[in-house]
Amino acid sequence: MHYGIDVGGTKTEIAIYDRDWQCLDRWREPTPAQDGEAFLTMLAGLVQQADDRCGSQGTLGLGFPGVLDDQGHLVAANLPGLRAWALETTLAARLDRAFVIENDSRCFVVSETGPGGAAEGQRHVFGAILGTGAGGGAIVEGRLLKGSGRLAGEWGHLPLPAAAAKRYGLPLLPCGCGLQACLETYIAGPGLVRLHHHFGGASTSAEQWHVAWKSGEKAAQRAHECHLELVGGALANVVKLLSPQVIVVGGGLSTVDHFVEALPAAIARQLFADVEMPKVVRSRLGDASGVRGAAMLGAATAAVGHA
Ligand SMILES: [Zn+2]
């Protein structure tokens, strides 16, 4: 069996998969985000419960929000309780098996490239999540691109392009990562709400922006136009760097049809003329993609270890 764990700021989910990647069972626990010791106990408990249900030890992959710094500390704004430890070493002392940990957006692209995913079997894929944040990950030559510092895929922390900032008169806002004017602050769900406010709208959620857009409200349409240009430009940069065959879009904004349908043209407008455009597709596995990708990475590593 293969276990995947997806650690979120409020809930942590574990799922058990068979060799054909059918999900046999899944359940959730609250994440003790402020208390590292309680967090480790919770994780070890989830793994033990999975072993008890399966009657054997499964392989294990864990997906986390955030990135590991050069000391192996997790840098994740909504998991402050874990900041004090070198995460992999600390987990290794508590979990009685080999495991993999990876950023949850990287898990997403792994899953969408696997069986039943939106980019199944493709060898060059970029996964772009637009939800509460803007995360991403790349499959290059059929393998997850990690890079030296495991940062590869962090497209949300590329900077706002100066031309668009000037044209739309956008303010330069601080980002949770410590940098200024990161794209995530403007293009993730909360960012779209900020854009709506900037153009005179009054939504408090991306859903409310969408209602306003459907009603034909001018501010909501202007926010959409600006948002599309920013996302299209950022993904055009990704295409220039990685040349994917497919871009899989996930997260809450991927459920907005007119946004996803307008993306290919928005990307093409900011690329050279007549270059091969990647297909833009919506996530097929939705919210389950992160936990499944974590399990797939754990299984792949265990298979290599046994070879
Ligand atoms: Zn940032």
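**Helix packing and its surroundings**

Modeller: Helix α6 passes helix α7 in a left-handed crossing; a crossing is called left-handed if the near helix is turned anticlockwise from the far one by less than a right angle, and right-handed if clockwise. The model is a predicted one, in which local features need pLDDT of at least 70 and side-chain atom pairs count only at pLDDT 80 or more, while totals for chains, interfaces and linings use all residues. Residues are numbered from 1 along each chain as its sequence is written, and side-chain values use heavy atoms, with hydrogens and water left out.

Two packed helices are described by the angle between their axes and the distance between the axes. Here α6 covers residues 189-198 and α7 covers residues 206-214, and they pack at an angle of about 50° with their axes 8 Å apart. Helices (H or I, at least four residues) and strands (E, at least two) are DSSP runs, numbered from the N terminus. The axes are lines fitted to C-alpha atoms, for helices over the stretch in contact, and angles run from 0 to 180 degrees between N-to-C directions. The two helices are therefore oblique to each other, given that angles under 35 degrees count as roughly parallel, over 145 as roughly antiparallel, 65 to 115 as roughly perpendicular and the rest as oblique. On the α6 side, G189, L192, V193 and H196 make the contact, and on the α7 side A206, W209 and A212 do; contact means heavy atoms within 4.5 Å.

Helix α6 also has α8 as a partner: their axes come within 8 Å and cross at roughly 130°. That makes this pair oblique, and α6 passes α8 in a right-handed crossing. L192, L195 and H196 of α6 meet A219, A220, A223, C226, H227 and L230 of α8.

Now look along α8, which spans residues 218-242 and holds H224. This histidine is buried, with a relative accessible area of 10%, where buried means under 20% relative accessible area, exposed over 50% and partly exposed in between (1.4 Å probe, protein chains only). Leaving aside neighbours within four places in sequence, H224 is in contact with W209, W213, H258 and F259.

For another helix pair, turn to α1 (residues 36-54) and α2 (residues 87-94), whose axes come within 10 Å and cross at roughly 50°. These helices are therefore oblique to each other, and their crossing is right-handed. E37, L40, T41, L43 and A44 of α1 touch T90, L91 and R94 of α2.

G63 belongs to strand β4 (residues 59-64) and is buried, with a relative accessible area of 0%. Not counting residues up to four places away in sequence, G63 touches I5, D6, V7, E102, D104, C107 and A294.

Next, the rings. The structure holds four aromatic pairs; rings of Phe, Tyr and Trp (its six-membered ring) pair if their centres lie within 6.5 Å, and planes under 30 degrees apart count as stacked, over 60 as edge-to-face and the rest as tilted. Y17 and W21 form a tilted pair, 5.6 Å centre to centre with 50° between the planes, and both residues are buried. In another pair, the rings of F126 and W155 have their centres 6.3 Å apart and their planes at 85°, so this pair is edge-to-face. F126 lies in strand β8 (residues 125-130) and W155 in the loop between β10 (143-144) and α4 (162-168), so the pair ties together parts that are 29 residues apart in sequence. F126 is buried, with a relative accessible area of 2%, and W155 is buried with a relative accessible area of 2%.

One backbone detail to finish. Most residues other than glycine have a negative phi, and most peptide bonds are trans. R150, in the loop between β10 and α4, has a positive phi of about 60° although it is not a glycine. R150 is partly exposed, with a relative accessible area of 26%.
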